[in-house]
Amino acid sequence: MRIIMLGPPGAGKGTQARKIAEEFHIPQISTGDIFRRAVEENTAMGKKAKEYMDSGMLVPDDIVVGIVEERLNKPDADAGFVLDGFPRTLYQAERLEQILEKKGVHIDAVINILVQRETVIERFTGRRVCQVCGASYHIKYNPPKKPGVCDACGNKLITRHDDELETVKKRLEEYEQKTSPLIEFYKSRHLLIDIDGNKPIDEVNKSIVDVLRGETK
Ligand code: ADP
Ligand code: AMP
């Protein structure tokens, strides 16, 4: 199964993508995680990406598309994948179609997580992430078993630099301007599935899994 997670920053894409990946035994491909790792490792690409990420802007398309293409060419993506945080512009969506066409495969579903703006802001302020494995927690809604420690890999949890209010506002603006047109793009391809993301994590997950199971039958 090949899935795209769509929705504003903080909607719960990463949280749900991780669960879908486990449920359907496919890799979660998160461009945000790839960039954060590159920043942490201080690679040339990481240095470039950091400037944009810290100011809440999207990383330029040519950098992102190259990274995703390389990742999709790894053998574990042959059986399917869940893309989390990509595509984020119409150009990226078009390039993704070309990449998949070359491979003779296509996207099965685009999960569009709908959330209210107030909900999103509250989610950002409580978000804590694991820099090593990418797991995302919330101090109130999805706390780790041991405060400050990742359940999945035992590493330290951090607050993302770009989760401060001013940067969040810029990220939401970038979403409205550059990413939200993808809703119409995928609707016109009959791939869009709207999911109410305002409910608790497990309920949102159940709605997604139910609909994907229906899709795969
Ligand atoms: P995105 O990948 O879309 O930016 P995340 O998956 O990182 O969003 O979720 C943002 C924050 O909200 C995290 O702290 C996460 O634990 C929390 N969260 C995700 N889904 C829900 C939900 N349905 N209810 C409450 N909190 C949630
Ligand atoms: P995320 O973890 O998905 O919230 O992404 C964090 C940041 O990484 C974004 O604010 C962007 O700066 C950058 N980023 C991640 N994915 C993309 C993408 N597909 N296109 C452009 N920038 C991206």
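Buried residues have under 20% relative accessible area, exposed ones have over 50%, and partly exposed ones fall in between, with a 1.4 Å probe and protein chains only as cover. Keep these words in mind for the close-up views below. The model shown is predicted: local features need pLDDT of at least 70, side-chain atom pairs count only at pLDDT 80 or more, and totals for chains, interfaces and linings use all residues. Residues are numbered from 1 along each chain as its sequence is written, chains are lettered from A and ligands numbered from 1 in the order in which they are written, and side-chain values use heavy atoms, with hydrogens and water left out.

**View 1**
Asp151 is found in the loop between strand S6 and strand S7 (157-158). Helices (H or I, at least four residues) and strands (E, at least two) are DSSP runs, numbered from the N terminus. Is Asp151 buried, exposed or partly exposed? Asp151 counts as partly exposed because its relative accessible area is 38%. Leaving out residues up to four places away in sequence, Asp151 touches Tyr137, Pro144, Lys145 and Lys146; contact here means heavy atoms within 4.5 Å. Asp151 and Ala135 are 16 residues apart in sequence, and their C-alpha atoms are 8.6 Å apart in space.

**View 1. The shell around ligand 1.**
Which residues come nearest to ligand 1? Of the 20 residues around this ligand, they are Gly14, Thr15, Arg127, Tyr137 and Lys199. A residue is near a molecule if one of its heavy atoms lies within 4 Å of it. Look for the polar contacts too, which are pairs of N or O atoms within 3.5 Å; within protein, one must be able to donate a hydrogen and the other to accept it, and residues adjacent in sequence count only if both atoms are side-chain atoms. A polar side-chain atom of Thr15 is 2.6 Å from an oxygen atom of ligand 1. Backbone N or O atoms also take part: one of Tyr137 lies 2.6 Å from a ligand oxygen, and one of His138 lies 3.4 Å from a ligand oxygen. On its own, ligand 1 has 570 Å² of accessible area, and the protein covers 94% of that. Such areas come from the Shrake-Rupley method with a 1.4 Å probe; for residues, only the protein chains shown count as cover. Helix H1 (13-24), strand S6 (136-138) and helix H9 (201-216) each give at least two residues to the shell.

**View 2. The shell around ligand 2.**
The side chain of Arg36 has an N or O atom 2.9 Å from an oxygen atom of ligand 2. A backbone N or O atom of Met57 is 2.6 Å from a ligand oxygen, while a polar backbone atom of Val59 is 3.0 Å from a ligand nitrogen. Taken alone, ligand 2 exposes 480 Å², of which the protein buries 96%.

**View 3. Helix H2 and its cover.**
Thr31, Gly32, Asp33, Ile34, Phe35 and Ala38 are buried in H2. Their cover includes strand S2 (28-30), H3, H4 and S3. Just after H2, Asn42 takes a positive phi of about 60 degrees.

**View 4. The largest nonpolar core.**
In soluble globular proteins, nonpolar side chains tend to be buried together. A nonpolar core is a set of buried Ala, Val, Leu, Ile, Met, Phe, Trp, Tyr and Cys residues joined through side-chain atoms within 4.5 Å. How many residues does the largest one have? It has 29, and Leu72, Leu96 and Tyr186 make the most contacts inside it. Helix H4 supplies the largest share of this core, six residues. Beyond four places in sequence, Tyr186 touches Ile4, Pro87, Ala93, Leu96, Val110, Leu191 and Leu192.

**View 5. The loop between S3 and H5.**
Pro87 lies in this loop, and the peptide bond from Phe86 to Pro87 is cis, with omega near -5 degrees. Thr89 is found in the loop as well. Thr89 counts as buried because its relative accessibility is 10%. Leaving aside neighbours within four places in sequence, Thr89 is in contact with Leu58, Asp61, Lys178 and Leu182.
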